[in-house]
Amino acid sequence: MYNLSCYNPTSFILVGIPGLEKFHIWIGIPFCIIYVVAIVGNCILLYLIAVEQSLHEPMFMFLSMLASTDLILSTATVPKLLSNLWFGSQEITFSGCLTQMFFLHFSFVVDSAILLAMAFDRYVAICLPLRYNTILTPQVMVKIMVSIIVRSFSVILPDVFLLKRLPFCKTRVIPHTYCEHIGVARLSSADISVNIWYGFSVPLMTVISDVILIAVSYIFILRAVFLLSSQGARQKALSTCGSHVCVILMFYTPAFFSILAHRFGHSVPRNVLILFANFYVAIPPALNPVVYGVKTKQIQDKFLLLFSLRKTQ
């Protein structure tokens with residue numbers, strides 16, 4: 001029998017980056033810069049989409065949802081990381097740990113679903129251009145966005161209850177900079193086979209199904225593009241997908257690399273894995289608005305117009 005306090009621990013200790021304690025202050029500087037870039041970039045992107053009527057299109061609605069999710073992902077992890085690295089604030093309450101874990105995994109699944117929705121948007125725009133406005137109506141857009149939130153919430157919420165049922169009597173020291181489901185579950189002295197099964201298989205299968213559907217969408221897109229007779233039309237069609245493909249690669253490549261490194265990279269030092277995991281949750285939210293700002297002409301034009309108006313005032 002476990003003590004009742006084991007089921008209601010007051011707090012956990014986030015170690016930070018083991019072995020690099022004397023470099024914590026310096027490590028925090030690039031993360032702070034990346035976080036500021038993520039906040040400023042995504043807020044500007046959301047502002048432009050909100051105020052510019054010409055950007056009230058399905059693709060930019062999905063982009064605004066991606067920017068909002070990136071803000072949640074960054075804010076759920078980086079501020080606590082910086083307080084740990086700079087001020088030695090290693091303690092996190094049990095409820096705070098569960099909240100951080102939920103929003104971390106929730107943001108990941110939402111981002112994956114948004115990238116799938118954006119792939120569908122590009123498929124309709126290129127393969128069915130004449131039916132674009134009749135397929136992606138405002139009502140359909142609302143349904144897609146609500147379904148993304150509901151699916152992600154339904155997939156990740158059980159993680160919270162799977163952790164709340166566990167006793168934590170052995171140790172409450174987490175050898176990481178943030179709380180994630182399996183990492184916290186491994187601190188328990190009870191059987192965590194259900195946590196491992198659900199924590200790996202269900203979210204992973206959800207994301208893998210998104211990847212497969214995105215790949216199928218782009219097979220149809222490429223097929224339609226290469227059937228176009230004009231070289232200029234082919235280039236224009238492919239350019240509209242450029243920013244989306246960049247974001248897909250930035251999101252999925254490090255995610256799967258991180259999963260494989262944790263599963264098979266037993267020779268990789270733990271501090272390297274933790275650093276990589278932190279860069280993964282910090283860098284994509286900062287780069288996404290930059291990529292769309294550089295690759296998408298409508299956003300680039302509105303951004304330049306916004307700052308030229310500021311200078312003339």
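Q: How far apart are the end C-alpha atoms of residues 102-120?
A: This is a predicted model, and UniProt, in an unreviewed entry, lists residues 102-120 among its "transmembrane region" spans. In the model the span is 100% helix and 0% strand. Its end C-alpha atoms are separated by 27 Å.

Q: What length would be expected for helix α4 at 1.5 Å a residue?
A: Helix α4 runs over residues 94-127, which makes 34 residues. From first C-alpha to last it reaches 49 Å, and that's close to the expected value of 50 Å.

Q: How many of the residues of α4 are buried?
A: Buried here means under 20% relative accessible area. Helix α4 is largely enclosed by the rest of the structure, because the buried count, out of 34 residues, is 25.

Q: Which element gives the largest share of the largest nonpolar core?
A: That core has 72 residues, and Phe-12 and Leu-63 have the most contacts inside it. The largest share of the core is 18 residues, and they come from α4.

Q: Is the Phe-108 and Tyr-280 pair edge-to-face or stacked?
A: The two ring centres sit 6.3 Å apart, with 65 degrees between the planes. The pair links distant parts of the chain, with Phe-108 in helix α4 and Tyr-280 in helix α10, 172 residues apart. Planes over 60 degrees apart fall in one class, so this pair counts as edge-to-face.

Q: What angle lies between the planes of Phe-251 and Tyr-280?
A: Phe-251 lies in helix α9 and Tyr-280 in helix α10, so the pair ties together parts 29 residues apart in sequence. Phe-251 counts as buried at 6% relative accessibility, and Tyr-280 is buried too, at 14%. Their rings are 6.4 Å centre to centre and tilted, with the planes at 45 degrees.

Definitions and conventions
Residues are numbered from 1 along each chain as its sequence is written. This is a predicted model: local features need pLDDT of at least 70, side-chain atom pairs count only at pLDDT 80 or more; totals for chains, interfaces and linings use all residues. Side-chain values use heavy atoms; hydrogens and water are left out. UniProt positions are given in the numbering used here, feature names are shortened, and annotations may be inferred rather than shown by experiment. Helices (H or I, at least four residues) and strands (E, at least two) are DSSP runs, numbered from the N terminus. The expected span of a helix is 1.5 Å times one less than its number of residues. Buried means under 20% relative accessible area, exposed over 50%, partly exposed in between (1.4 Å probe, protein chains only). A nonpolar core is a set of buried Ala, Val, Leu, Ile, Met, Phe, Trp, Tyr and Cys residues joined through side-chain atoms within 4.5 Å. Rings of Phe, Tyr and Trp (its six-membered ring) pair if their centres lie within 6.5 Å; planes under 30 degrees apart count as stacked, over 60 as edge-to-face and the rest as tilted.
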